[in-house]
Amino acid sequence: MSRIRPLSAALFLLLVLLVSSTSSTLFAQTFRGGLNGTVTDPSGAVVASAAVEALNTATGVAYKTTTSSGGEFLFQDLPLGKYTVTVSPSGFKPEKVDAVPITAGTIYTLPVKLSLASAGETVEVSASALALDTTSTTQTTVVGGAPLQDTPLNGRDFTQLVILSPGFANSGAGGYGSLNGTRANQINWQIDGIDNNDLWHNIPAVNQGGVSGIAGVVLPIDAIEDFSAQTQAAPESGRNPGGSVNLSLKSGGNALHGSLYYYNRNEFFGATSPFTAPVKQEVRNYNYGFSAGGPFIKDKFFWFATFEHQRFVIGVPAQSTQPSQAWQNAAKAQLKKFNVQPNPVSENLLATLWPSAVTGNLPGDIGGQPTQKDYVSTDPEYGYSYNGLAKLDYTINEKNSLSAHWYVGQGNQVAPVGSHLKYYYEVAPIHVQNYAIVFNHVFSNTITTRY
């Protein structure tokens with residue numbers, strides 16, 4: 001027995017490592033998508049051994065399988081996009097289904113009903129005409145395509161999309177909020193399945209909220225294919241009880257494509273706030289950038305790149321009481337009544353820590369007499385960031401693929417935190433990188449692994 005136990009322990013450990021490094025079933029998707037279905041004949045009987053092909057219309061990469069004895073077919077870990085699914089059984093017309101959408105974290109069941117054979121004919125239908133049904137019990141909120149680009153996001157901050165998830169509470173700024181009643185830092189953030197969690201706060205590292213909750217760096221919206229928020233997910237996609245949020249990055253295709261943009265948010269287009277002075281405070285945010293993608297090798301090797309520069313200025317209309325000369329004179333007058341000399345240390349601190357522009361008689365001090373809230377800062381909050389991302393996708397063959405991405409964000413923010421004096425504004429530089437190389441291998445229709 002003493003010899004068998006170490007061997008059993010070694011086999012058990014090997015099994016644990018194998019299971020932990022593989023996606024053993026289709027229903028454990030996190031950042032890619034999948035497709036399954038059943039092929040039946042006109043009478044409703046299942047069709048076995050039928051050839052099934054799923055073709056990515058953007059890249060031309062094809063995935064092939066055959067139906068089982070129960071007429072079922074299965075594709076897992078598919079890159080996102082639109083697919084054309086072709087079923088070619090013996091004795092029946094080939095059936096082609098166009099525009100089948102594959103989205104992050106969602107598995108679709110595609111029913112295919114064949115027609116009787118006729119030479120040279122192919123039945124073509126659109127996926128929108130079929131009842132696509134999700135197989136997974138995971139609750140997934142996916143935002144992609146035009147809705148993702150058109151959703152109004154303050155500062156073009158993707159983390160705010162989490163507010164569209166059922167069960168989320170808070171503003172969503174910086175991704176901070178409660179999902180399904182958990183604490184605000186109990187969401188697992190990922191980019192293409194790669195960790196994007198700040199080590200200290202467990203909030204998004206990329207697009208982390210800086211001073212005043214404004215993202216210090218921003219991943220360009222034009223780089224995002226899908227925003228997916230999963231709750232009640234499988235254990236391998238858990239990590240946090242609040243759920244898992246993943247960004248699926250865009251990839252290049254056989255056709256060269258891209259965008260060039262400029263966004264300008266300006267107080268000129270907004271109404272004057274009834275809670276501040278009659279003059280509008282500056283509220284300006286500028287974003288400009290580009291994205292582009294295409295092929296290195298058609299149907300095989302693709303590239304995508306994007307860059308965005310952000311700059312913002314926000315007026316700070318808050319009022320405060322400062323130790324102006326009027327306040328100091330009033331204080332000295334009170335001390336003199338009781339024959340108390342001013343403390344020289346305090347006088348030196350006032351002369352050193354407060355600039356003359358503040359210690360002089362402020363406009364808020366009427367007739368040389370101190371008044372509450374006598375100081376209004378004219379120095380705004382401001383900041384900037386430079387953000388770039390590159391991605392490569394290489395299809396080695398039908399069962400092996402390689403993907404790599406590298407994001408770099410560099411920024412700085414200056415804002416009144418704890419003081420309304422510009423001399424004591426908080427200065428917050430930030431530098432964030434997110435990079436990965438992922439190798440995906442398909443062992444069979446039900447077992448894949450990612451490294």
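**Salt bridges in a predicted model**

The count here is 6 salt bridges, a salt bridge being a side-chain nitrogen of Lys or Arg within 4 Å of a carboxyl oxygen of Asp or Glu. Side chains of opposite charge can pair when their charged atoms come close.

Quick ground rules. This is a predicted model, where local features need pLDDT of at least 70, side-chain atom pairs count only at pLDDT 80 or more, and totals for chains, interfaces and linings use all residues. Residues are numbered from 1 along each chain as its sequence is written, and side-chain values use heavy atoms, with hydrogens and water left out.

Start with D222 and R156. Their side chains form a salt bridge at 3.5 Å, N to O. D222 sits in the loop between β15 (194-195) and β16 (224-231), and R156 in the loop between α2 (145-150) and β12 (168-169), so the pair ties together parts 66 residues apart in sequence. Helices (H or I, at least four residues) and strands (E, at least two) are DSSP runs, numbered from the N terminus.

Buried or exposed? D222 is buried, at 7% relative accessibility. R156 is buried too, at 9%. Buried means under 20% relative accessible area, exposed over 50%, partly exposed in between (1.4 Å probe, protein chains only).

Next, R284. Its side chain meets that of E267 in a salt bridge at 2.8 Å, N to O. R284 lies in strand β19 (residues 283-297), E267 in the loop between β18 (257-265) and β19, so this pair links parts 17 residues apart in sequence. R284 is partly exposed at 25%; E267 is buried at 16%.

R284 also bridges to E282, at 3.5 Å, N to O. E282 is partly exposed, at 29%.
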